[in-house]
Amino acid sequence: MNYFMHDKALVESKNIGDNTRIWAFTHVLPGAKVGAECNICDSVFIENDVVLGDRVTVKCGVQLWDGVVLEDDVFVGPNATFTNDLFPRSKVYPEKFSRTLVRKGASIGANATILSGITIGINAMVGAGAVVTKDVPSNAIVVGNPARITGYVSSKSLANIIPSPESKITTHEQGAVSGVRRISLPLIPDLRGSLSFAEVGQLLPFEPKRYFIVFDVKSKEVRGEHAHRKCQQFLVCIKGSCAVVVDDSKFREEYQLSQPNLGIYLPPMVWGIQYKYSRDAVLLVFASDTYDPEDYIRDYDEFLSLVADK
């Protein structure tokens, strides 16, 4: 045995990784698999069909039921609750318990509740006391009951640029995310109203072959969550406001769009997310290509792999 077990712990599993530490009043059933260098604190219960990766921390008072998988470097706060049956009845058992997957590097705050069948994405952060009822995207921060996305881990929020009301000057601002530019468009107000415009080759970075409009989005919903292999996009929130998160795997930034003369250029191979929509938001998106489902990368793991291979 090359791991530490407190003399008040009960460990029946033979699959415990090197240098793992298991503390008092914890019970690990025979079928459980626990990786290396984990720290399993006091009064934790680990059922048979449970898998823990390496360097996982499980704080006091947590029960990991059949079907729970925690990948490497996951943190589970004290008294966080996992479930594995959406319709529990005494002495009535499902043919198979739901699988709950917590991806690499994710953290779950104290007293959070995770419903069964949920996937919590890579590096996601679940706030203390949150009740998670839906899958959590990679890098998302969720809080509340039911849990909602309030931000993205490590994203740098960029202040809004509000051009002069009579500005005819355009600006291009390059952020840290590769190729992404915030473009301030002309705004010409007069007694008849205001006008903003863009032209191909000058303000629009490409010749559009398609546009679409996003509106009537409930303010707490999230859209996007994908990258394009070849397609370029230019986004303008022509009414209301929304936030755009961009991610090239090395840097992550959040832009605020709240003026009809502000746009964001998204090149290919940038992961994009839109959220924090105001109820009156209207987002206009120009695309460099017609719709092609094969151009979409909807899996964040695949995106990271493709970017790493470039």
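Which residue's side chain does Asp 73 join through a polar contact of 2.7 Å? The partner is the side chain of Arg 55; a polar contact is a pair of N or O atoms within 3.5 Å, where within protein one must be able to donate a hydrogen and the other to accept it, and residues adjacent in sequence count only if both atoms are side-chain atoms.

The model is predicted, so local features need pLDDT of at least 70 and side-chain atom pairs pLDDT 80 or more, while totals for chains, interfaces and linings use all residues. Residues are numbered from 1 along each chain as its sequence is written, and side-chain values use heavy atoms, without hydrogens and water.

Asp 73 is placed in the loop between strand 12 and strand 13 (75-76), strands being DSSP runs of E of at least two residues and helices runs of H or I of at least four, numbered from the N terminus. At 28% relative accessibility Asp 73 is partly exposed (buried is under 20% relative accessible area, exposed over 50%, partly exposed in between; 1.4 Å probe, protein chains only).

Arg 55 also forms a salt bridge with Asp 72, with the closest N and O atoms 3.9 Å apart; the term denotes a side-chain nitrogen of Lys or Arg within 4 Å of a carboxyl oxygen of Asp or Glu. Asp 72 lies in the loop between strand 12 and strand 13 and Arg 55 in that between strand 9 and strand 10 (57-58), so the pair ties together parts 17 residues apart in sequence. Salt bridges link Arg 55, Asp 72, Asp 73 and Lys 104 in a network.
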